[in-house]
Amino acid sequence: MTTYLKMDAPQPRHLDETAQGVLGAPQDRPEGPLKVSGRAVYAAEHELDNMADGFLVRATISKGRVVRIDEASVKAMPGVLAVISDERFLRNPAQGGAGAAPVQGAAEVAYFGQPIAVVVAETFEQARHAARSLKVEYAVEEADVDPETASKVDTPDRRQLDQGDIAAAMGDAPHAVDVTYTTPVQSSAPMEPHASIAEWDGDRLILRGSYQMLKFNRAELADSLGISAQNVRILSPYVGGGFGSKLGIAPEAVAASIAAQELGRPVRVVMARQQVFEGTMRRSETRQRIRLAADTEGRLTALGQEDRVSNLVGESFSEPTAQATHFLYGGENRRFKQEVARVNRTCAGSVRAPGEAVGMLALECAMDELAEAAGLDPIELRKRNIPDLHPESGIQYSARSLAACLDEGARRFGWSERSPEPGQRREGEWLIGLGMATAARANVLSEAQARVTLHPDGTALVETDMTDIGTGTYAVLRQLVAEMLGLPSEKVEARLGDTDLPPGPGSGGSWGASSSGSAAFLACRGIRQMLATKLGCTADELRLQDGTATGGNLRAPLADLLTDGPMVEEGHLVPGTTAKEFSQASYGAHFAEVAVNATTGETRVRRMLGVFAAGRILNEKTARSQCQGGMVWGIGAALTEEIAHDPRDGHIVNRDLAEYHVPVNLDVPQIEVAFLDERDDAACPIQSKGIGELGISGAGAAVVNAIYNACGVRVREYPATLDKVLAGLPAL
Amino acid sequence: MEITLDINGDRQVLDLDPRTSLLDALRHHLGLTGSKKGCDHGQCGACTILVNGRRINSCLTLAAMHEDDEITTIEGIGRPGHLAPLQEGFVRHDGFQCGYCTPGQIMSATAMIEEAREGWPSYVSPSLEGDIELSDEEIAERMSGNLCRCAAYTGIVQAIREAAETREAAE
Amino acid sequence: MRPFDYIRADAPATATKEAGAGARYIAGGTNLLDLMKLEVMTPERLVDITRLDLRDVERTPEGGLKIGALVTNSDLAAHPDVRRDYPVLSRALLSGATGQLRNKATAGGNLLQRTRCYYFYDPAQPCNKRDPGSGCGAIGGFNRIHAILGASEHCIATHPSDMAVAMRALDAEIEVEGADGAGRRIPIADLHRLPSDTPQDETTLAPGDLITAVILPPPAKNTFQAYRKVRDRASYAFALVSVACVLRMDGDRIGGVALAFGGLAHKPWRDPEVEATLTGESPSDDLFDKAADTLLREAQGQGGNDFKIPLARRTLKAVLREATQTEAAA
């Protein structure tokens, strides 16, 4: 049977009554021992009988047509089995949640590095060398590679808003800032490169891949190949990081599937690291004009965010730059505008916290500038502008602990020791400064199903095609079921990452734990109802503890209630009207202490604190790690990460991990994270909200604000590399 | 060409293309997939293993160059139920999320602790001479060859600090 | 990676005999295999020299140090004599790469490290170094890491080594065994070339030449030594600017100084006029500015790397202040 819930009303706090103390506890990840011993097996690590290796071939033009692929140039090489270029190839990965094939075809080239063929050979070395040797002829067309000068620019309706009169409000206000910030292209750069092994059994395809959202990926792969989704099974039990780059089916999966079918044997295609940079999603660069005006009390009267981003022709995704700005602060005169430049660059898509990750870099620095202009403490300015109702739609907010996070963070971090005037603290060559920023990330719920089986031996199994990409799904679902069924968590197993299991929402948009967790919760509620019926009490009376059921004055070991065999129940959660009736988001506050070198402009983050409230915390340990990870992404955004494009052909110049600078261990201090207790009844039946992207949202702005406080240099062009800081430092 | 390798105490005879990296020999020819390929160019550290007790990037060396060497991979350090203290520390401190860089982190840290005990200085050591105290900054500098995109660096440093202290106390 | 013949050498003489046209020696392999995977380098034959007996660090009769070409960067940085007598070299080595790479990379190989220029690394891009005559993609392209000194219209690449910069400041000599079996010594100043119109020729070594050792002169007494590296990450990034400094005070005057720079040019950069400006003078910010003026008199930015000009000046000044214990002018 299925226990179904459509989220049309705030839900009671059932999980506050189960009282097991399991859910929320900082338990170790159950799959941890496998991961630390190298026994967790990732996509490319299966050795199938008679498997061949494929290596993708990239386009070396920015725009045009493939005229000829000279197969003969490599076919005679040792071990080479096939050179395949097929009209079903993907131009770029599917956007997250597409559920259908993206633009297909290997003949039309839209960006430098686009996969246009795959060379398959008996071994990896043979395939790679042959792929590098393949001769390709092109008909080159003129490309648009610069978002600032692109000839085609769209203005999507959903990204435009004009409320009141922003120009007049700016003109009338005693305090105003009108500033432009830019953020660069970034790359997810998960540690595991995109990889697929395709194996056909008659009409049925099994793909061992590294993917985040299997329900959608199955549909995308089937649609790409022109086959029924019923005939596709995807397995992704372990995923070596995704961060958005593995949301949609990617070129290597389709290439492997076509090659495997053509050759009648399993084919593995692993993207080289350079191909991951060139051929999977990038985060769009942004240029953002922020306008803020405040009255004498520091209350916003105007707020504007107008941005330009870019993407390939034919992609409906555009970076939702202003996503958090809409709901975060008040101000009756508002203007939002977006331009999407159509460029011949790697496809733009979701990268960890699309929208907030870049939009808040600009907004939260501009707020720092306004605080200085208004002579207000930056925390005070933010607190004065927390709106009572959504400033555009007028709807109410669900649980929102922003002010408490700001206050708690200030207390813990020693904010009162900060001098509002920059450049006041020096230790040798180093200038020390403090900065802060708000954290906010819109909360989303997604349809989810999960199956729970309670066995007579007192063990339980929870199953869904949901993935754990490092997010803690294995730990969280296990704890949730243990909490609901009164079992120690060691007695619960979570089985994930297989499309034969009930479809989950996938890992993306921070909705995974709440959505899948709610589905598992509903399944457990169904089982509790069955147990109550067997015991002879009501579900409300039922108490489960250590494998024993009690209700009223009745009491029985679970095994006695399961004499007919295991109880199986599916939970099915569907988002409902609470999504529209409440403005829902996770909130927090970031604090950073930096040291800026007065000689070189180098910046080091010395301390960092995040205080967050995201509804019910399901596992404090994995939640903390998610926030820490996000905050480090903020450090990367603030200081080091930037994809560079050649100004002439737009190719990605720094397409490896030596020159695309993700933060290394020494870039990162011990990061402190604190959670405030919160329940969000409007979010989902387990009262939790998203946490995977909250840590990055605003984090980089706290660092850049701290740089300003340290040395008085306001960098408005991310990242704040030493050359940009240096330009504002006094002569030595 | 025929190559004999000594891996985790076992002699393995392989027939390999001379181009085969030590990493690919482990992963694809010996089924030892604990060593990970993150970049294949020595830029991420996920493939870190020990050769004669020293940590190296196994992607940037040829299998053919390591006959007569003693090779240790993550599979030779501990297994579920019998984890090494450092591995247990990584679990307890959540020094990983997706797990892909983790074997490399652990192999790197295993050797790094010994390097510090031998008195090897680092770029952040205040003095080039004398004993090394593994402060958080020392650990971070010495572990900067192992990228973690999940950015579990806080837990990684905690797990290594604890293992180094335990190792010290055991002397 | 292109197929190649793999040959193990057991003595320098057999190594040089095996190394004909199209051959490369492999030791640490950390740069060579990196480039072979991309097919930027495509040797037909690899001569494995790791079994040669070149792993010792010995005192020379003159009181200097003879460093075997196969001594790893780790072992060299941690060697007690290097730490005590040549701290600039230890620091430079420790600033480079990572623990894993330093365990593999060798003294000989590090000297021959190829540039990190993005255009060199991508066979789909023009590069006169990789493909002579194809042009220089970095000029007019993205050139944040490129040279401001000694570049040419054909190539603006930089030499990426930290170790070599320190060795340049220490006046090291390179011991080479030629294909004919004859040994010779090359001052490090003469090992690396500027790009001029043949950027593919990075050193003055002849085909088949095998570096067997690096010789350091006897340590200078009572010197301040430092290696300061400025980069885009706190660790594990190539130098944007680096300064190796060996300085001796003579009373309140600068008795002697050696300054070598990384990140500025196609080779470890050393300018005798800079040192002449400083030697015999009383340290002051004015003097340091004069030295910086001299260093940068012909500096030429390419757009993306213009910042290196002020950065080099500031870094040099800070190093000299520290070396001479001069307070900043108020």
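User: What makes up the contacts in chain B between residues at least 6 apart in sequence?
Analyst: In chain B, 54% of those contacts join residues at least 24 apart. A contact here means heavy atoms within 4.5 Å. This is a predicted model: local features need pLDDT of at least 70, side-chain atom pairs count only at pLDDT 80 or more, and totals for chains, interfaces and linings use all residues. Residues are numbered from 1 along each chain as its sequence is written, chains are lettered from A and ligands numbered from 1 in the order in which they are written, and side-chain values use heavy atoms, with hydrogens and water left out.

User: What is the secondary structure of chain B, and why is chain B called as compact as a globular protein of its length?
Analyst: Chain B has five helices and five strands. Both are DSSP runs numbered from the N terminus: helices are H or I with at least four residues, strands are E with at least two. The order along the sequence is β-β-α-β-β-β-α-α-α-α. The radius of gyration of chain B is 16 Å, close to the 16 Å from the globule rule for 171 residues, so chain B is as compact as a globular protein of that length. The radius is taken over C-alpha atoms, and the rule is 2.2 Å times the number of residues to the power 0.38. Along the principal axes, the C-alpha trace of chain B spans about 45 × 35 × 30 Å.

User: Which share of chain B is buried, and what counts as buried?
Analyst: Of the 171 residues in chain B, 69% are buried. Buried means under 20% relative accessible area, exposed over 50%, partly exposed in between, with a 1.4 Å probe and protein chains only. The accessible surface of chain B is about 5500 Å², and carbon and sulfur atoms hold 44% of that area. The area comes from the Shrake-Rupley method with a 1.4 Å probe; for residues, only the protein chains shown count as cover.

User: How far apart are the mean positions of the charges of chain B?
Analyst: They are 5 Å apart, for 14 positive and 28 negative charges. Lys and Arg count as positive, Asp and Glu as negative; His and the chain ends are not counted. Each charge is placed at NZ of Lys, CZ of Arg, CG of Asp or CD of Glu.

User: Why is chain C called as compact as a globular protein of its length?
Analyst: Chain C has twelve helices and twelve strands. Its radius of gyration is 20 Å, close to the 20 Å that the globule rule gives for 330 residues, so chain C is as compact as a globular protein of that length. Buried residues make up 64% of chain C.

User: Where are the domains of chain C?
Analyst: Domain 1 is 5-48 and domain 2 is 226-324. Such bounds come from an automatic or database domain assignment. The C-alpha centres of domain 1 and domain 2 of chain C are 36 Å apart.

User: What makes chain A as compact as a globular protein of its length?
Analyst: Chain A has 18 helices and 33 strands. The radius of gyration of chain A is 26 Å, close to the 27 Å from the globule rule for 732 residues, so the conclusion holds. Residues 24 or more positions apart account for 81% of the chain A contacts with a separation of 6 or more.

User: How many residues of domain 2 of chain A are in contact with domain 3 of chain A?
Analyst: Ten residues of domain 2 are in contact with ten residues of domain 3 in chain A. The C-alpha centres of these two domains lie 37 Å apart.
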